[in-house]
Amino acid sequence: MPIAVIFGAGNIGRGFIGQLFSESHYDVNFVDVDEALIRRLNERKAYQVHLVSNERTEVVEVAPVKAFHAQQEDAIAEVLAQATVAATAVGARALPSLAPLVAAGIMRRAKQNLKQPLNILLCENLKDAAAVFRDLVLEQLPKDVQPFCQQYIGFVDTVIGRMVPPPTPEMRAQDPTYIAVEPYKELPVDKSAWKGEVPSIVGMQACDNFAVYTARKLYVHNCGHACLAYWGFLKGYTYGYEALEDKQITEGLEKALSESIQGIVAAYGVQRAWLEEHKRDLLTRFANRALGDTIIRLGRDPIRKLAPKDRLIGAAHLAEQCGVKPITLAFGIAAGYCFDAKEDEIAVSLQQMINELGIEETLSRVSGLMQNQPLTQMVMAHYNRIKQGRAFEEG
């Protein structure tokens, strides 16, 4: 069997990429730091992925698998030297600490003069993750090995669309390998970054126009989740699917995503029907009660989600560029600034910033919105209505 290495055996690594590689008949090797999880994976040499929806549950076994602790540097370098594909799903902040491990494997490949390409899929929530990680790895390589890396190692951006809420502590205590996910398994990857022939991997789509898939994920999927979370929080809902059953929220989502889609169509020259179909599929997936996705998880870290080029502000600017007034997106932005979730330290710090600096200065610092901009004025109008208890009133 061909060998695959996945750095990170968490929600995406185990709950998505591991399944795709296994179904494509790869020998799956995980690298992680969770000792209980590593021990259980090595005991069983397999784990189960629970595909859950409102209609049914299907259990898929992923095997054979092996797991290494990140401190097993020599063993990891050896398996990476033998691999034909790899992936990272460790979180953007962990990429610098991962780079030396990957560099060690590349140096071993270079020493053995292995000219079969190795492509590393970056399954991270980070813009230009492939370029960022490539540079981190190159810094760890001797100068005489860097040309080998640039010729034979591909660093490939991906778009992760599968929703994988983290298991509860109770689930994890019972079985560290437990994972429940939605059935959706489309994995767009940047074809232009691939080294050598693209293999047939279940669910993977090598895309020429990769930028539009990134825009679709950020400005439709992520944007929709953010609006659902922030409006759901205003109404006191616990779960995303509960908020989606609220007519006012559903109508708002339709309008906000329509504004965003018009911006994507104009900016990327794609068919609106393709994006509208994706939107309809997303709204069905958002209603998946079996996932138990909470409003807090969907809305957490609002400072990042309200950044100038992120899911809400970026979508609103795209809409403005094509002549669409992003009134409903502005409502989503304003609601994000009212996301006062005590369970999320970033949300708490955002409220502290507003209290200390005022909303206008906070809009400028977090979202790059200046007082004289039309979008700023729309956001402020909605923000004041929310503070007056009139968030969902007509007019």
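This is a predicted model: local features need pLDDT of at least 70, side-chain atom pairs count only at pLDDT 80 or more; totals for chains, interfaces and linings use all residues.
Numbering starts from 1 along each chain as its sequence is written, and side-chain values use heavy atoms, with hydrogens and water left out.

So, the strands. Strands here are DSSP E runs of at least two residues, helices are H or I runs of at least four, and both are numbered from the N terminus. Two strands pair if DSSP finds at least two bridges between them.

Zooming out, 6 strands make an open sheet, parallel in pairing, in the order 5-2-1-6-7-8. Strand 5 (65-69) and strand 8 (153-157) are at the edges with a single partner strand each, so one side of each has no neighbour in the sheet.

Now the helices on it. Helix 1, residues 11-23, lies across strand 1 (3-7), strand 2 (27-32), strand 6 (85-88) and strand 7, at about 155° to strand 2. Angles run from 0 to 180 degrees between N-to-C directions, with axes fitted to C-alpha atoms, for helices over the stretch in contact. Helix 5 (residues 129-140) packs on the sheet too, touching strand 6, strand 7 and strand 8; touching, or contact, means heavy atoms within 4.5 Å.

Last stop: the axes of helix 8 (residues 210-234) and helix 15 (residues 327-336) come within 9 Å, crossing at roughly 60°.
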